[in-house]
Amino acid sequence: MEVVRCETVDIDVPAYAEIVLEGKILPQVREPEGPFGEFPKYYGPRSGKEVIEITAVTHRNNPIFYTIVPAGYEHLLLGGIPREESLFQSIRQTVPSVKAVHMNPGGTCRHAIVSINKRNEGEAKNAIFAALLIVLLLNMSS
């Protein structure tokens, strides 16, 4: 990949990057930010966040800038993908016959659809318990 040196910081960036923001994170400086719309359609609290001092902005001619609206359908779908994989891996430790996990955007990607290849009685119940345990542990850690 072809790279070029930044204008104000000592690093290289892709030569054909759409937009490059150069700057530095100010140590020990926090400013209040938020509330913002979050992934599962609720607002995160206002909190102190790092401050970045922008020193240069460079870009291609007619750069493409893409954003995702928080809590919109696209945000839900993209946010569900890593959750599906984490849940799949966790359930597979208890139920090796799990085939797939899908986080349903209709439930703001909090509804899980789990497919298993049932081989023994009770495997479906074990998959449900494994999924619930993971969700409880994730909620306790956040």
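A: Not counting residues up to four places away in sequence, alanine 127 touches Ile91, Val95 and Ile116, where contact means heavy atoms within 4.5 Å. This is a predicted model, in which local features need pLDDT of at least 70 and side-chain atom pairs count only at pLDDT 80 or more, while totals for chains, interfaces and linings use all residues. Residues are numbered from 1 along each chain as its sequence is written, and side-chain values use heavy atoms, with hydrogens and water left out.

Q: Which residues make up the largest nonpolar core?

A: That core has 11 residues: Leu87, Phe88, Ile91, Val95, Val98, Val101, Met103, Ala127, Ala130, Ala131 and Ile134. A nonpolar core here is a set of buried Ala, Val, Leu, Ile, Met, Phe, Trp, Tyr and Cys residues joined through side-chain atoms within 4.5 Å; buried means under 20% relative accessible area, exposed over 50% and partly exposed in between, with a 1.4 Å probe and protein chains only.

Q: And which elements each supply at least two residues of this core?

A: They are α1, β5 and α2 (123-141). The largest share, four residues, comes from α2. In soluble globular proteins, nonpolar side chains tend to be buried together.

Q: Where is serine 97, and is it buried or exposed?

A: Serine 97 lies in the loop between α1 (73-94) and β5 (98-104). It counts as buried because its relative accessibility is 7%. Leaving aside neighbours within four places in sequence, serine 97 is in contact with Ile116, Asn117, Arg119 and Glu123.

Q: Switching to lysine 41: buried or exposed?

A: Lysine 41 counts as exposed, because its relative accessibility is 52%. It is found in the loop between β3 (19-33) and β4 (47-59). Its C-alpha atom is separated by 7.9 Å from that of glycine 72, 31 residues apart along the chain.

Q: What pattern does the chain follow along the sequence?

A: The pattern is β-β-β-β-α-β-β-α, with two helices and six strands. Helices (H or I, at least four residues) and strands (E, at least two) are DSSP runs, numbered from the N terminus.
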